Amino acid sequence: MLAKEETARTKQGLIGNKTFVVALLLAIFFFGIVSGRFSPFLADFSIELRSAAGGILDFSNKQGFSAQTILLEGLPIIGSVDQNLVEEPRIAMLRLAFRGLTGVDINDPRTFFALHYPLSNNQSGGVTAYNPADPEKEGPILELIPESEPTPLPPNLPVNPGEARAAIYTTHNSESYIGDGGSDHETGKNGEIMEVAATLADSLQKDGLPVVRSDKINDAPNILQAYSHSAKIVNQFIKNNPQLGVVLDVHRDGLPSGKGKRVVRLNGQPGAPVMIVLGTRNPNWRKNEAFAKTLLAEANKRYPGLFLSIYYASDARYNQHYHQHALLLEFGDQYNTAAEAERSAQAVAEVLAKILAE
């Protein structure tokens with residue numbers, strides 16, 4: 001009898017100790033769903049509130065924390081559940097929380113040494129703490145580039161020869177795809193993401209839009225200086241091409257190991273879903289967002305499912321403060337193939353050409 005009472009008290013204590021964590025996770029989860037479903041009614045809320053909801057859901061998904069995991073943690077009344085379904089994600093949550101607080105990954109000793117020896121971070125693949133408010137690791141803007149007023153939109157006039165209407169560059173040149181058996185990064189050189197950027201540029205040119213593109217390597221030797229390097233390219237693009245209608249930074253997404261590949265059908269062929277990332281720490285973000293929504297609306301008419309939702313990064317700019325139609329496009333993730341990403345690039349070019357021609 002005493003043993004049964006002790007067991008009951010132990011179980012009650014375990015559940016009680018998790019109450020706060022469970023309540024927080026469930027609140028975040030359901031608030032994220034509500035804010036995503038009723039986002040038109042939340043338009044007047046601050047960007048921090050709006051981006052937090054969608055950002056937390058997307059971040060938790062990228063880290064492997066599914067809705068099922070949160071519900072199993074939060075509803076012990078479900079009864080006899082295979083605890084293996086929650087034990088591994090529970091440990092991962094603790095690991096992520098510890099890293100967020102200390103900057104140290106308990107499974108990666110390099111992160112401890114990185115705290116004491118910052119120079120070890122100077123390599124392209126250096127260890128850095130993941131910041132969900134800045135998923136692309138913008139890092140500090142090291143160059144003193146003036147924060148000018150928002151660039152005025154070009155007039156809707158015929159394009160003169162040599163004046164580009166679209167600018168394309170790649171901040172993280174090393175990104176690549178493993179879906180066709182290759183590596184996910186090509187350290188110090190251009191990865192397959194550059195083929196995607198080239199396909200996007202070529203397709204726009206074929207649709208009658210003059211394009212300027214850079215294949216300069218920006219993310220080596222230090223990936224945290226990549227946006228400082230690519231910012232110079234963006235400024236030069238804008239200076240030399242006053243009629244630019246869009247400025248695109250081409251990337252691919254990165255998902256945790258074990259995630260399945262995401263594919264969208266384009267004219268019966270497999271393509272890579274595309275995500276728009278908006279940095280909201282800049283005076284242009286509302287205009288960037290408006291253009292992104294126009295792009296999404298047109299794409300949904302021609303290629304339903306091509307685009308994922310917009311990801312709002314509340315602690316970053318991604319060079320989008322230099323132009324009112326500047327976007328960061330992620331063509332698939334590392335599990336896709338370059339061919340799938342290029343197929344999506346052709347579809348995006350078709351949609352962009354339609355918008356910019358109007």
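This is a predicted model: local features need pLDDT of at least 70, side-chain atom pairs count only at pLDDT 80 or more; totals for chains, interfaces and linings use all residues.
The protein holds 10 helices and eight strands, and 46% of its 358 residues count as buried.

**Strand 6 and its partners**

- One partner is strand 8, which runs antiparallel to strand 6 and is joined to it by four bridges.
- If you want to find this pairing on screen, look for M275, whose bridge partner in strand 8 is E330.
- Another partner is strand 7, and here the pairing with strand 6 is parallel, over three bridges.
- For that pairing, look for G279, which has A313 in strand 7 as its bridge partner.
- To get from strand 6 to strand 7, the chain passes through helix 9, making a right-handed β-α-β crossover.

- Helix 9 covers residues 285-302, which makes 18 residues.
- From first C-alpha to last, helix 9 reaches 26 Å, close to the 26 Å expected at 1.5 Å a residue.

**Aromatic pairs**

- How many aromatic pairs does the structure hold? There are two.
- Y227 and Y318 make a tilted pair, with 5.3 Å from centre to centre and 40 degrees between the planes.
- This pair links distant parts of the chain, since Y227 belongs to helix 8 (residues 226-240) while Y318 sits in the loop between strand 7 (311-313) and strand 8 (326-333), 91 residues apart.
- Y227 has 0% relative accessibility, so it counts as buried.
- Y318 has a relative accessible area of 1%, so Y318 is buried too.
- Why is the pair of W285 and Y312 edge-to-face? Their planes sit at 90 degrees, and planes over 60 degrees apart count as edge-to-face; the ring centres are 6.4 Å apart.
- This pair also links distant parts of the chain: W285 comes from helix 9 and Y312 from strand 7, 27 residues apart.
- W285 counts as buried because its relative accessibility is 9%, and Y312 is buried with a relative accessible area of 16%.

**Helix 7**

- Helix 7 runs over residues 193-206, 14 residues in total, and reaches 20 Å between its first and last C-alpha, close to the 20 Å expected at 1.5 Å a residue.
- Is helix 7 mostly covered or mostly uncovered? Helix 7 is mostly covered, with 10 of its 14 residues buried.
- The buried residues of helix 7 include I193, M194, V196, A197 and A198.
- What covers the buried residues of helix 7? Among the elements doing so are strand 1 (166-169), strand 2 (211-213), strand 3 (246-253), strand 8 and helix 10 (338-357).
- Just after helix 7 comes G208, which takes a positive phi of about 90 degrees.

**The whole protein**

- Among contacts between residues at least 6 apart in sequence, 77% join residues at least 24 apart.
- The protein exposes about 18,300 Å², and carbon and sulfur atoms supply 58% of that area.

Note on methods. Residues are numbered from 1 along each chain as its sequence is written. Side-chain values use heavy atoms; hydrogens and water are left out. Helices (H or I, at least four residues) and strands (E, at least two) are DSSP runs, numbered from the N terminus. The expected span of a helix is 1.5 Å times one less than its number of residues. Rings of Phe, Tyr and Trp (its six-membered ring) pair if their centres lie within 6.5 Å; planes under 30 degrees apart count as stacked, over 60 as edge-to-face and the rest as tilted. Buried means under 20% relative accessible area, exposed over 50%, partly exposed in between (1.4 Å probe, protein chains only). Two strands pair if DSSP finds at least two bridges between them. A crossover is right-handed if, with the strands pointing away from the viewer, the path from the first strand over the helix to the second runs clockwise. Contact means heavy atoms within 4.5 Å. Accessible areas come from the Shrake-Rupley method with a 1.4 Å probe; for residues, only the protein chains shown count as cover.
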